[in-house]
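Hi,

Here is the structure I promised to pass on. Could you have a look at it alongside my notes below?

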Amino acid sequence: MSVIYIPREDGTYDKVPVTPENTQRYIQSMPLYAEDDDPSFWSQGKIRAMQDEMFKRQMEWVWDGHDYYKRAFAANGIEPGDLQTIDDLEKLPLTYKKDYMAEPESFKLKPSNPTLYDWVFEVTYTTGSTTGVPTAFWNTIHDAHGIWQMIFRGIKLGGFPPYARGINLFPLGPVPHIGFFRARDIGIMGLGSMNMFGCTGMTYPEFPVHRTMDYAMDLIERGRAEVWLGIASFIRRLIMKAEEQGRDFSATKHIQALGEACPKGMRDDMRQRLMNMGAEDPFISNSYGFTEMQGAMPECTDFSGCHNPAPNLYFFEVVDEETGKRLPDGERGLLTITHLNRRGTVLLRYVIGDLGALTHETCPHCGRNVERSIIAVGSTYATRTSELVNLKGTLINPEILRDEVANTPGVKEYQIIFTKKDLTDPYSADELVVKVAPMEGFDSTRVEKDVVAKLITAVEMKAKVEFVPMEEIYDPTVALKAYRVLDMRPKDL
Ligand SMILES: [Zn+2]
């Protein structure tokens, strides 16, 4: 289990379990945290009243200079003043990724009386869309400040050890992952944090600035990195390679394994390997983030749920896929975000593309009252809506397959493939293939039996297990992350 690190006078830490009392001790031990009137600890009623106020002002800004929503309001008979509170949101249709991708410029606020704070500060890009074309997301100077406040509060929420050495392991991609930017900002806003950068990623021969995974491992070992941030499958592969090389990773305390789901089996495996390299019970955390929130919702402890770090910036809703109506706490539906205080790209009821569930109950671990995204499937928070697949006539959720295979003992790397008995014949039967790179010392017949049995229970389907070297599944020098689910079947059937 994870702990909170309360700094002592002599530079060491008091390591205590995550409880509401200890969370307050942690906050009170640092003036910068203690002085921050953090809304996540306000009552649920006070949070909502603040959100209503922010929403009302954001709507005035939208009426003043948001091309897309002014058009959408007109099409839905919405007049200025009709949208007063968060509850009025239901009058608005949902905004889908395709709407935003089609005309990103018209989602950018064009205020009639701009100030210096309305100048563009930074453009980030959404990635992972089906077309593969990144979409611009504009932050003004105003937005950048809001993001820094969110980052500051997120670090506090995630229980990052203060005065720690951090490392940004996000790749320097041609279109850098949003995590690269925000891990950079965590270095800026962290309490006394010192930051290193791995600078891995796709090389650009014209300017050979990229570095190797071995360089990143050297930084962790010689620079005594305590806090790491990066993409979960990349971090795991780095840990595996380091373990093979017998590295000393004893300084590691807190890892943010991001950008994809990091189920329990994967976390346990990473933690064990790090402990083999001298680390003391490191916390492997899987915050839930995406470009349109410019950051992530952190866990306060293992599987606590992912807390909204900025209720003054964002309102999250889970809505019914068919009707767009808001669903009650605990029910699974489309996760959406509404911006409450932005001057660049502004999105309302924007469908993130994941199915998830929320709770507004006070967190029993840290005592915060903000909404949390709760475990939706197995040990993961969200499941990609687009990934629901029809296999052998049955609709199945690949996230369940992922969770089952990832949590099978002896599975080092895996990939789930939907294919055909005969790929040249589109009408031949569907097949479920699981590629597995087994761990050393495990009996592969046993691993195969376990995977097959687990999937029969989970999705009532018999899988064909193939054993392969782990590079065949994921090569970190080539890909950003491991692709866990592939659909090889011919399209347009
Ligand atoms: Zn909590």
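S7 and S8 run parallel and are joined by five bridges; in that pair, Val227 has His254 in S8 as its bridge partner. Before I go on, please note that this is a predicted model, in which local features need pLDDT of at least 70, side-chain atom pairs count only at pLDDT 80 or more, and totals for chains, interfaces and linings use all residues. Residues are numbered from 1 along each chain as its sequence is written, and side-chain values use heavy atoms, with hydrogens and water left out.

A few terms: helices (H or I, at least four residues) and strands (E, at least two) are DSSP runs numbered from the N terminus, and two strands pair if DSSP finds at least two bridges between them.

S7 and S8 belong to an open sheet of five strands, ordered S6-S5-S7-S8-S9, with parallel pairing. At its edges are strand S6 (194–197) and strand S9 (283–285), each pairing on one side only. From one strand to the next the twist averages 20° (axes are lines fitted to C-alpha atoms, for helices over the stretch in contact, and angles run from 0 to 180 degrees between N-to-C directions). Five of the five residues of S7 are buried (under 20% relative accessible area; exposed is over 50% and partly exposed in between, with a 1.4 Å probe and protein chains only).

H9 packs on this sheet, touching strand S7 (227–231) and S8, and its direction makes about 120° with that of S7. Helix H9 (residues 232–244) also has a helix partner: its axis and that of helix H10 (residues 264–276) come within 10 Å and cross at roughly 30°. The residues of H9 that meet H10 include Ile235, Ile239 and Met240, and those of H10 include Met266, Met270 and Leu274 (contact means heavy atoms within 4.5 Å).

Now the core. The largest nonpolar core has 108 residues, and Tyr69, Phe73, Leu169, Trp228, Leu238, Phe249 and Leu274 touch the most other members; such a core is a set of buried Ala, Val, Leu, Ile, Met, Phe, Trp, Tyr and Cys residues joined through side-chain atoms within 4.5 Å. Leaving aside neighbours within four places in sequence, Leu169 is in contact with residues including Trp228, Leu229, Phe234 and Leu238. Apart from this core lies another, of 21 residues, among them Ala406, Val436, Val451 and Leu455.

There is a second sheet to look at: an open one of four strands, in the order S22-S21-S20-S23, with mixed pairing. Strand S22 (464–467) and strand S23 (485–487) each have a single partner strand, so one side of each is left without a neighbour in the sheet. Strand S20 (residues 411–420) and strand S21 (residues 430–438) run antiparallel and are joined by nine bridges, with Gln415 partnered by Lys435 in S21. Helix H12 (residues 444–459) lies across S20, S21 and S22, at about 145° to S22.

The C-alpha atoms of Met150 and Asn308 are separated by 9.3 Å, although 158 residues apart along the chain.

Best wishes
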